[in-house]
Amino acid sequence: MTMDIREYRCAVAGKDIIIETGRLAQQAGGAVTVRMGDSMLFCSATMGSPRPGLDFFPLSVDYEEKMYAGGRVPGGFFRREGRPSEGAILTSRVIDRTLRPLFPKNMRNEVQVILISLSHDQEHHIDMLGIIAASTALMISDIPWNGPVAGARVGLVAGELKVNPTYSEMAESALDLRVSGTADAINMVECNADQVDEDTMLEALFLAHESVAGVIALQRQIRSEIGKEKQEPSVDDIDAGLQAEVAGKVEAEVREIMTRYADRAGRREPLKQLEDALLAEYSARNDSGGDEVNVNLKHVERAWDAVVKNVVRSRIVNDGVRPDGRGYTAMRPLSADVGLVPRVHGSGIFMRGETQVLTIATLGTPRDSQFLDGLSPEDDKRYMHHYNFPPYSTGETYPLRGPRRREVGHGALAEKALLAMMPSEEQFPYVLRLVSEVMSSNGSTSMASVCGSTLALLDAGVPIKNPVGGIAMGLIKEGDKVAVLTDIQGMEDHLGDMDFKVAGTAEGITALQMDIKIAGVTRDTMRQALAQARDARLEILDVITAAMPAPRETLSDFAPRMESFRIAVDKIGTVIGPGGKNVRALQDDHSVKVDIQEDGLVYVAGESGAEVDKAIEKIRAMVEDPEIGQIYTGRVTRTENYGAFVEFLPGTEGMVHVSQLADYHVKSVEDEVSVGDEIMIMVINIDPTGRVRLSRQAVLEGWDAEEAMRRDAAGSRRGGDRRGPRRDGNRRGGDRRSGDRGRRN
């Protein structure tokens, strides 16, 4: 097979993006590699035949994170890539959400987009390159698609917005904004931030969109030079005559039901009865065997859905009335509570209308942190949020098969919303896991999870920097008329043109997620949506703080007790001991867990606070450096004619000269102390080689370090203190075998 290898380049924010095609996967519909720095991604896009009986577009987008790209061998027993990591799932979702709206409406051909990481330099992110790769592969393929699109990341580093920052630059960034769009408009946003204000966020959004113009133009050039002829898509459109016929039969009654019932429960049954009657009418017509052509009942259902959609959108835009009777900026009733679940470390429940989420907080020790076996430089994380959306939350039944992509994505969004508000490890060394259980759903459960998480963290006593609230915004656009809706419910989300989730504190935004189904959302519309979201967020935060004004001052009785402190890195081995002997003894003696990080940060956790304190005291003693003038209690380890050796810190010995053993003349070391005795001593000298000289006499006489050193030097010159017993017959220091060797009064 002859290869026609083409390479194209485009600079974005001073960095080359290199697109190559023709070298790999010639049998795919379209295949490219995209490279920035030494991060390289392969993407293929291939279309299959339509699958009979489908009433949805079968698009799959899969990003496969290959560990060889980072020069690593996968973990696990099999040492090969298995199910995708959370990061890979999120990358797949970001690309899918960008591509999906641009395929022909009602298309039924199966389309598969596969992305593979070939190389990762640990500096250049791969997710936005994935959008460019997928778009280019689709553009040069035979697949009908209304692209191109491109994506860019924007950071806020040292107060300046920066396009496509590296991993190392992002470590200092207050913003991680990912934006994709066509030449005309933004169509996907994903973001986490550290309380960024609305004006800065708006500027960042449009800076990202402007930055991809060159990549979009390059894709059009590539398409014009080497693109394949596009196939005709297999579409399942509804006949316009059938649509008009169904509308004529039911539109007036649908409008009357929507006007009469403002609550979902009230209108559910009348709408269902009307739809059932409509389907029964067409079914009877099909069964009659007359001259009329049979009607596809699936098309009748879709025509019914279109009628409901048109009625709802018309009432919103033309009449200013939402399905539940609210105005554009009004929110549904809010409520919040904490401490509902016994024994857990923290719990919070948040309700917005019929949407209800219960979040549970669990505190763990550092060894409970999540190990990340992926290409990102991040190798573990101490804060996790998991989101569950069970069937009962919408009154449905279906098998439980573990978390789906949507649940992973919603959990990650809520996690990012609170990430910047988490206390540092130094301040609060616990690992944190939050689980949000959706109990009832009618719109924006992900933002309710943010609110529930804030409540659970406060209830658990976690000192978060600021409480975080979240709200979902919507958009209905008909011609020149635009309605920006606050707190969209399920129907408005399904029938609307934009789903815009905003989370943040009273000071600024911490997370965004936006999907737009239409082109041409203006800067003014975006500014209005952000302003309405801020007003709603502040109202929600008032409800949260009324339920829980501040973190609890004490942790749950069922939470582990944990303290953290730092030791010198060169002392880590001392604490661990040979083969882990010292740290195991600490854990066994005090029923604690001890975790020591590479930077010298030590965590001690246990059920008993007293035992945690004892273990910490021992660790501090192990790593303490002897200090001249400091008094210690030590244990005699051996004796010689000239003095006694005393271990006064773990692993640290010093020598007490015979002249310094007592405040009177000592003839023999063994007459004064024996191996195993505990005595109080003062450090009086440390020579350049690290040998420590101790004095017991200094403690008994009450000397300071300077006086002790002077007396020791004088005694050494005289060959030792030769004073005898006191003339009153009492020996100084009392009983030589007393535990503290203290003076008698």
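User: Which residues of α15 are buried?
Analyst: This is a predicted model, in which local features need pLDDT of at least 70, side-chain atom pairs count only at pLDDT 80 or more, and totals for chains, interfaces and linings use all residues. Residues are numbered from 1 along each chain as its sequence is written, and side-chain values use heavy atoms, with hydrogens and water left out. Taking buried as under 20% relative accessible area with a 1.4 Å probe on protein chains only, the buried residues of α15 are Val612, Ala615, Ile616, Ile619, Met622 and Val623.

User: Within what arc do the buried residues of α15 fall?
Analyst: The arc is taken from the directions that run from the helix axis to the C-beta atoms. Seen down the axis of α15, the buried residues line one face of the helix, because they fall within an arc of 115°.

User: How far apart are the end C-alpha atoms of helix α15?
Analyst: The expected span of a helix is 1.5 Å times one less than its number of residues. For the 15 residues of α15, residues 609-623, this gives 21 Å, which agrees with the distance between its end C-alpha atoms, 21 Å.

User: Is Thr454 buried or exposed?
Analyst: Thr454 has its place in helix α10, residues 445-460. Contact meaning heavy atoms within 4.5 Å, and not counting residues up to four places away in sequence, Thr454 touches Leu418, Ile464, Pro467, Val468 and Ile544. Its relative accessibility is 0%, and therefore Thr454 counts as buried.

Note on methods
Helices (H or I, at least four residues) and strands (E, at least two) are DSSP runs, numbered from the N terminus. Buried means under 20% relative accessible area, exposed over 50%, partly exposed in between (1.4 Å probe, protein chains only).
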